[in-house]
Amino acid sequence: SAVRGLFRNVLRTPRPYEVITKPLPVTPAQHVPAHIVRPPYAALVNPVRPSSSEHHPAAKLTAEEISLLRTACSITKKALDLAATLVRPGVTGEAIDREIHRFIVSQGAYPSPLGYLGFPKSVCTSVNNVVCHGIPDARALREGDIVNVDVTSYIHGFHGDSSRTFLVGQVDPAGQALVRTAKECMEIGIRVCRPGQALNSIGLVIERAARASGYTICQPFLGHGIGRVFHSQPDIFHFANRVPGTMEANTAFTIEPCVNENGPDMRILSDGWTAVTTDGGRSAQFEHTILITDKGYEILT
């Protein structure tokens with residue numbers, strides 16, 4: 001049919017970016033000085049990956065705890081500001097991981113991803129068709145790539161989590177539009193936040209915005225409660241859903257939709273972490289840690 005013929009032609013058209021299909025070897029993790037306080041999971045030898053955050057209920061934060069959370073989030077924001085200066089053609093994921101690791105520990109904090117459920121590096125670097133949880137490796141970024149850098153810092157018993165997708169050099173218009181829409185989807189989700197608002201309203205407005213621009217949401221990856229625990233309740237779905245629950249003042253969670261250029265499906269590579277789109281289309285993501293206040297919300301990262 002004409003539709004099938006058009007689809008075949010699309011598949012044959014060279015992509016303006018490299019499709020990531022297999023993980024590269026991973027070098028040893030960066031050293032964490034002995035004086036840096038580790039989160040409890042960092043000491044586990046054989047961590048078990050939970051199916052969700054259901055075992056860690058949402059926590060209402062005191063004024064003192066909110067202050068400590070702000071500190072962790074501030075370090076994470078500064079680390080991502082550093083990442084923005086590092087991303088360019090020729091720089092490897094390992095180099096980004098190394099420099100952000102050095103910055104985080106220089107602030108007296110611990111890079112939360114390191115050792116979390118066995119993750120081998122201090123940040124996630126997800127390139128092109130990698131949806132999330134990419135492991136930094138020796139691949140050099142190329143002109144026209146997009147790369148998400150996901151950073152979480154742990155200090156004074158609290159985690160602060162955020163990510164941004166960066167353009168590497170000159171990116172084609174379709175890639176630029178995807179990244180721009182992913183940021184807008186996160187911001188649209190944030191703007192509905194306030195005490196008493198249904199949690200599922202976040203996913204409704206995010207998916208509506210993504211679909212209006214011709215994109216899809218990769219549904220398996222959720223936002224989550226955050227604070228003393230890296231991932232806790234509530235689960236934040238980034239697509240239309242009927243999951244019950246309302247936002248409460250003095251609670252914190254992340255909003256982090258993964259917006260796919262084409263279809264919503266993904267698969268996990270052999271390293272057990274790297275999630276890639278099944279059709280090779282690109283994916284972009286932005287994330288903030290949000291505090292629900294008495295009158296609305298505050299972006300902490």
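This is a short tour of one structure, stop by stop, to follow in your viewer.

**Before you start**

You are looking at a predicted model, in which local features need pLDDT of at least 70 and side-chain atom pairs count only at pLDDT 80 or more, while totals for chains, interfaces and linings use all residues. Residues are numbered from 1 along each chain as its sequence is written, and side-chain values use heavy atoms, with hydrogens and water left out.

Helices (H or I, at least four residues) and strands (E, at least two) are DSSP runs numbered from the N terminus.

**Stop 1: helix H2**

Select residues 63-86, which make up helix H2. Its 24 residues should span 34 Å at 1.5 Å a residue, and the end C-alpha atoms are 35 Å apart, which agrees. The expected span is 1.5 Å times one less than the number of residues.

Now colour the buried residues of H2, among them Glu 65, Ile 66, Leu 69, Cys 73 and Leu 80. Buried means under 20% relative accessible area, exposed over 50%, and partly exposed in between (1.4 Å probe, protein chains only). What covers these residues? The cover includes H3 and the strands E4, E5, E9 and E14.

**Stop 2**

Two packed helices are described by the angle between their axes and the distance between the axes. Axes are lines fitted to C-alpha atoms, for helices over the stretch in contact, and angles run from 0 to 180 degrees between N-to-C directions.

Show side chains: from H2, Ile 75, Lys 78, Ala 79, Leu 82, Ala 83 and Leu 86 meet Ile 96, Glu 99, Ile 100, Phe 103 and Ile 104 of H3. Contact means heavy atoms within 4.5 Å. Sorted by class, this contact has 9 nonpolar, no polar and 2 charged residues. In this sorting, Ala, Val, Leu, Ile, Met, Phe, Trp, Tyr, Cys and Pro count as nonpolar, Asp, Glu, Lys and Arg as charged, and the others, Gly among them, as polar.

**Stop 3**

Next, select strands E4 (146-155) and E5 (158-167). Strands of a sheet pair through backbone hydrogen bonds, either parallel or antiparallel. E4 and E5 pair in the antiparallel sense over 10 bridges; two strands count as paired if DSSP finds at least two bridges between them. Click on Tyr 154 and you will find His 159 of E5 opposite. The two strands form a hairpin with 2 residues between them, and His 156 in the turn has a positive phi of about 55°. Is E5 mostly covered or uncovered? It is mostly covered, with 9 of its 10 residues buried.

**Stop 4**

E9 runs antiparallel to E14, joined by 4 bridges, and Phe 253 stands opposite Ile 290.

From Phe 253, step across to Pro 234, which touches it. Pro 234 sits in strand E8 (residues 232-236) and is buried, with a relative accessible area of 14%. Its other contacts include Ala 58, Leu 199 and His 224. Pro 234 and His 56 are 178 residues apart along the chain, yet their C-alpha atoms are separated by 9.0 Å.

Notes. Lists of a residue's contacts leave out its neighbours within four places in sequence.
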